[in-house]
Amino acid sequence: MTAAAVLAGWIHGTEPRDLPREVEHAVGRHLLDGAGVTVAAARLAAGLPGWTVAHSLGGPPQARALTGYQALSAPAAAMATAMLEHALDFDDTHAGGLVHPTVTVLPAAFAVGQEQSATGEQVLAAAALGLETVCRLGAVSPHGFHARGLHATGVAGPLAAAVTAGRLMGLPAARLVDALGIAGSSAGGLLEFLDSAADTKSLHPGSAAFAGVVAARLAAAGASGPPSVLEGKRGVYATLSQRAADLAVLTDELGDRWELTRIGIKPYPSCQLMHVTLDAVAAAVAETAVDPADIVDIEVHVHPDSSPFVCGDHTGTGPPRSTYDAKFDLPWSVAALLHDGAITIDTYTPQSITRPAVAATAKSVRVVSAPTEGPAAAAPGRAVVTLRDGRTATGDVPGSKGTPQVPMTDAEVLAKFTGNCAGHPRAGELADRILNLSAEDDLTVVHDLAHLIATDRHD
């Protein structure tokens, strides 16, 4: 039996009652976080090109994108939501697979859930199975897609969206295998944006969600996909990963070991691979008031798999090339943290990234390669800040805030959501609806509230 067949059989056969309570709880947290960052992006008018194009596709009025009002075809609605959700790079990350799980699963679940008039319980179950799928697909070959120059979310996302959609459509296991096989041919997402100010990374989830929903539809219509899409000699891992693949990570202990409970929630709207360094720098200066002008050296220990993404040749040499580029510029982000005392959505605005004083401090950041066991996104962090008078301050952290090593509490997740909703008076109502999705009859109220909060300038 192929890996896709094993996965599809599990997805088809798992009932909502089979989900452990801690899994339902984790899924609720991630749907809440995904909805919050989507609302924040809409409030800030981020991701407009993707949103505009998705809405121009039109189609039969099957679903609304989250925060939107116009009804679109389900694939277009999933595309619009996904591009918006990833626009601020504030969405969650699974360290083992270095994938953004919720950004393709939530859009597919909410769009197809509307199309199918699914219950909240059905949407929650489909989201759980999709999240588990995308985490495991990435963890089969840790950092392997990135090493090949591909965005792991763009590779695994279409397959996860396909099974999420297929589950809500009621596809039998054999058709889910076809959906996976079809979606695998849409897997991709070049990391070439790292050498420019391009927007393509934020667009990848939209393409993935769209392709996954369409793949499920094609399978339902009778189109076939290769059952060996994962392990085949021309399959996803042989073609798109540069590192060894262990398919047992995908298929073993399905239903017993839940990787989705290990998804990290971001405290900072920037690349996950720099978060542990930001936490280490914050820990170093927590006990001492430090004037950035007095700093002569900032030594940061960075995993070698992280460096190409957040410590490239252009980083720390001057102002970032764009607001999105700043989110992948570790030296500049460290400097911004030291100047502002925090990293927030406002850190990465056109006005903020042009500050000469921050760019000057960024030149003091010195990167030390620090290989460790395990994936880069789960590495510990260390920073040593040296002042002109010779004093030093050291910060060591076991992992970045929001990861399984240093998890966010439910209160912290809710606070992030409320902040992303700009403290809107109905944010609590939306949070309650999402966290209790299994008790909802449909998604209409969730979408109505998200649209209201994103568009109501109450402040």
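**Cavities and cores in the predicted model**

The second largest cavity holds about 70 Å³ of space. Here a cavity is a set of points on a 1 Å grid over the protein atoms alone where a 1.4 Å probe fits but cannot get out, and its volume is the space filled by probe spheres set on the points, with points joined across faces, edges and corners. The model is predicted, so to speak, with cut-offs attached: local features need pLDDT of at least 70 and side-chain atom pairs count only at pLDDT 80 or more, while totals for chains, interfaces and linings use all residues. Residues are numbered from 1 along each chain as its sequence is written, and side-chain values use heavy atoms, with hydrogens and water left out.

Lining residues are those with an atom within 4 Å of a cavity point. For the second largest cavity they are Phe-193, Leu-194, Ser-196, Ala-197, Ala-198, His-314, Ser-322, Tyr-324, Asp-325 and Phe-328. That lining splits into six nonpolar, three polar and one charged, where Ala, Val, Leu, Ile, Met, Phe, Trp, Tyr, Cys and Pro count as nonpolar, Asp, Glu, Lys and Arg as charged, and the others, Gly among them, as polar.

In total, four cavities reach 30 Å³ or more.

On to the packing. The largest nonpolar core has 95 residues, and Val-27, Leu-31, Phe-110, Leu-230 and Leu-260 touch the most other members. Such a core is a set of buried Ala, Val, Leu, Ile, Met, Phe, Trp, Tyr and Cys residues joined through side-chain atoms within 4.5 Å, buried meaning under 20% relative accessible area with a 1.4 Å probe and protein chains only. Helix H6 (residues 120–139) supplies the largest share of this core, eleven residues. Another core, of 45 residues, lies apart from it and includes Ile-295, Ala-335, Val-358 and Val-365. Leaving out residues up to four places away in sequence, Leu-260 touches Val-23, Ala-26, Val-27, His-30, Ala-128, Leu-131, Glu-132 and Cys-135, a contact being heavy atoms within 4.5 Å.

As for the whole protein, buried residues make up 60% of the 459 residues. Among contacts between residues at least 6 apart in sequence, 77% join residues at least 24 apart. The C-alpha trace spans about 70 × 55 × 40 Å along its principal axes.

Conventions. 1 Å grid on protein atoms, 1.4 Å probe; cavity = no way out; pocket = protein on both sides within 12 Å on 5 of 7 lines; lining within 4 Å. Buried < 20%, exposed > 50% of the residue type's maximum accessible area, 1.4 Å probe, protein only. Helix = DSSP H or I, 4+ residues; strand = E, 2+ residues; numbered from the N terminus.
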